[in-house]
Amino acid sequence: MQTLLFLIVFPILVACLLLFVKRTTLRYAVVALSALVIGGASIYLLIRYAFEGAVYFAAPSGAIDLAMVAIEMGLALFIVYMGAKFRNYLAIVLAVIQAALVVYLEMTFSGSLHAVNNLFIDQFSIIMALIIGIIGSLIAVYAVRYMETYHRHHPEVRDRQTFFFFVIFAFLAAMFGLVFSNNLLWVFFFWEITTISSFLLIGYSETEEATKNAFRALVMNLLGGVAFVVAIILLAATEPTSGGIELSRVLASGDTAIVLIPAVLIGFAGITKAALMPFSSWLLGAMVAPTPVSALLHSSTMVKAGVYILVRFSPVFAGTFAGFSIGLVGGVTFLVASAIAISQSDAKSVLAYSTIANLGLIAACAGVGTYMLVWAAILLIVFHAVAKSLLFLGTGAIEHRTGSRNIEDMEGLIVRMPKMAVMMFIGIAGMFLAPFGMLISKWAAIEAFVQVPFGLIFIAILAYGSAVTVFFWAKWMGKLVTVTRNTERVEKGFFQEPWAPLYIITGLVIAAVLLFPVISSILIEPYVLAIYGITAHLADTNVAIMLLMMALLLVLPVSFLLFKRTARHLPAYMGGRPATPDLQFAGSLGLTREAQTRNYYLTEYFGEAKLFRPGAAVCIVLILVSWVLAGVAL
C-alpha cells in the first residue's frame, strides 16, 4: 500500500516544489529526477504485484473523505468564478448541479458511503500505472526544454511555466489515484481533478481561442461528472444489493439489472472523458495547447481515464443491449473519425482524429465486453499510449525546428532531420503496420467480434475504418521518407533537442512489439481470467509470424546502410520531359516548372463538414438508446 500512496502523494509534492523553481536547468533536474523516481516506483509495482492478482488495501479514509469533499466544493467555486469571469454560464450551472449532488450524496447516504478497501491493485492497474509513470513522466521531462523554446517562439504568451509544471504533476497524481482507487467516491474525486487539470492546461496561452476550447472541454467533462455522481447516488441507494461504493463489489454483483443503470451512467462519463462522438470536439480544441499537453492528454492521462473506466465496467456491459449500444458509439466514432482524418493536413489534427478513432475502437470492445474483446482493448491501450506519445512529441520537435506542422512541409524530413524522421516512421508504423501492436489488436478484435451476436456490424466498421486508417498514415509516412535534394539539415545535436525522452519512447514502441506476448501472458491474460474465468491469447504460430516480420523490419535499415555508397541518384521522371537534379522541368508553353508532390485529402468527401454532424447525431441517439435499454432491463 505504501507504494500506491507514494505514487499518489509524491507527484503532488513535486508539483508544489516546482511552483518555486524558476530556472530551467534546475527545473530540468527536478523533473528528470522525479520522473526517474516515479518510473522506478511504477516498475517496482510490476515486480511486486504482477503475479498477485487483485490486492486490496484498507487505507484510512475519515479525514481524507472530508478533505476530498472540501476540495470538490473549492473546485466548484473556482469553476463558478471562472465561468462568471468569462461569461460561460453553462459551466456555472453544471458545476452548481454537480456540487449540489455531492452535498446531497454526503448528507443523505452518509451511512452507506463507507468502503472497507479504498485502494487496490491488479494487473490492469499495473498496466495503467506503467503508462502513467513512464510515458507521462517522460512527457514531463520533454516539456522542460520544449516550454523554454515555446516561449521564445511565442513571446506574446505570459510565461507561467511554474504553474504549468505544477498542473502536469498534479495531473499524474490524479491519474494514479484514479487507477488505484476502489472507493468510487475517490475515483470520482480524482476524475474531477483530471477535468480541472485539462481545463487549466488547454487554456495555458490565455488567448481567446484557448480559453474557449478550455471551457468546451470543461463543460463536456462536467456533463460526465454529473452522470458519475448520479450513478454513485443510485449505487448508495441500493447498497445491500449492489455492494455500495466499492468498485470491486459493484463489478462482482450478480444483480446486473440493478447495477446496469449506474454502469451506463459511468459509461457515459467515460464517453465524455474519452472524447468519443459527439464529445470529440473538446479533444480537437485541446490542440491549441502546447504539444506536451496534447501528448499527455492523448497517451497517458485524460482520455485514457475514459477508456479505463469503460474497460473496468465491461463485465457489467457484457451481454446487454445497453452495452451493445455503447459499443456502437465507439464503433461509429472509430469509423467517422478515421474518415475525417483523411482530410486533415495539420499533423496534430491527424493525430487528434486518430486518437479519437482508436479510443472509439477500445470503447467498442469494452461495450460488447466479451473476454476476448477486453483482452484486445487492453492491448490497444498499451500500443496506442506508446506510439501516440512518440508521434505528438516528435511533431512538436519538428514544428519548433522547421516552423510548420503541416504534413506537406514534412517532405524530405529524412534528409533534413534524419533521426526525427526515423522515430516518426517507427511511431506511424506502430499505428498501422504489421507486426506492430495496433494491427495485432485490431485482428484480435475482429476475431472476437465474429463470436458475438450482430458482430458482423462491428467487423464491417473495423474493415472500413482500418482501410481509411491505412490511407492517412501511409501518405504521411511517404512524405517523411521522400528523398529531396538541395535541402538543409536542420537537426541539431543531442543537447539542442530533447532527444532522451524521444529515444526512450521509441525504444518502448519497439519493446512493446517484441515483448507483447510477455505483456499479455503476465498481465493481460491473468486479469481477463480473474474477471471472466477464461482468457484469450494469440496462437504460437501467430506469434512466430509476428517475430519474423519484426526481424525483417529491423533488417531494412541495415540494407540502406549497406547499399548507400553504391546507390545512384536519378532525376525525377516527368512523363518524358527532361528534369534537372533540382527538380526543374520544361513544362507546357515553354515554361520551366518545379516538380512537386502533394497528397490527396479528399475534403469534399471526407471533410469535417460532411461527416461530423451525421456521426455525432448517430452517437447521440445510441447514447440515449443505451439509457432507455438500461432502464428497461431494470
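Before we start, keep in mind that the model is a predicted one.

Okay, let's begin with a pair of neighbours in the sequence. Helix α6 covers residues 161-180 and helix α7 covers residues 184-202. Their axes sit 9 Å apart, at an angle of about 155 degrees. So what do we call that arrangement? Angles over 145 degrees count as roughly antiparallel, and α6 and α7 are therefore roughly antiparallel to each other. As for handedness, the crossing of α6 past α7 is left-handed.

Who's doing the touching? On the α6 side you'll find, among others, F163, F164, F171 and M175. On the α7 side the contact includes F190, W191, L200 and L201. If you sort the α6 and α7 contact by class, you get 15 nonpolar residues, 4 polar ones and no charged ones.

Now for another pair, helix α13, residues 291-299, and helix α17, residues 347-368. Here the axes come within 11 Å and the crossing is at roughly 15 degrees. That makes α13 roughly parallel to α17. This crossing, α13 past α17, is left-handed. The residues involved are T291, S294 and H298 from α13, meeting K348, L351, A352 and T355 from α17. By class, the α13 and α17 contact has 2 nonpolar, 4 polar and 1 charged residues.

A quick aside while you have those numbers in view. An α-helix has 3.6 residues a turn, so residues three or four places apart point the same way.

Next up is helix α18, which runs over residues 371-402. Is α18 mostly covered or mostly open? Mostly covered: 28 of its 32 residues are buried.

Last stop, a single residue. Have a look at T211, which is in helix α8, residues 208-237. Is T211 buried or exposed? Its relative accessibility is 13%, and the cut-off for buried is under 20%, so T211 counts as buried. And which residues does T211 touch, if we skip its neighbours within four places in sequence? T211 is in contact with F86 and E206.

Technical notes: Residues numbered from 1 in each chain as written. Predicted model: local features only at pLDDT ≥ 70, side-chain atom pairs only at ≥ 80, totals over all residues. Heavy atoms only, no water. Axes fitted to C-alpha atoms, helices over the stretch in contact; angles between N-to-C directions. Helix = DSSP H or I, 4+ residues; strand = E, 2+ residues; numbered from the N terminus. Parallel < 35°, antiparallel > 145°, perpendicular 65-115°, else oblique. Left-handed = near helix turned anticlockwise from the far one by under 90°. Contact = heavy atoms within 4.5 Å. Nonpolar A, V, L, I, M, F, W, Y, C, P; charged D, E, K, R; others polar. Expected span 1.5 Å × (residues − 1). Buried < 20%, exposed > 50% of the residue type's maximum accessible area, 1.4 Å probe, protein only.
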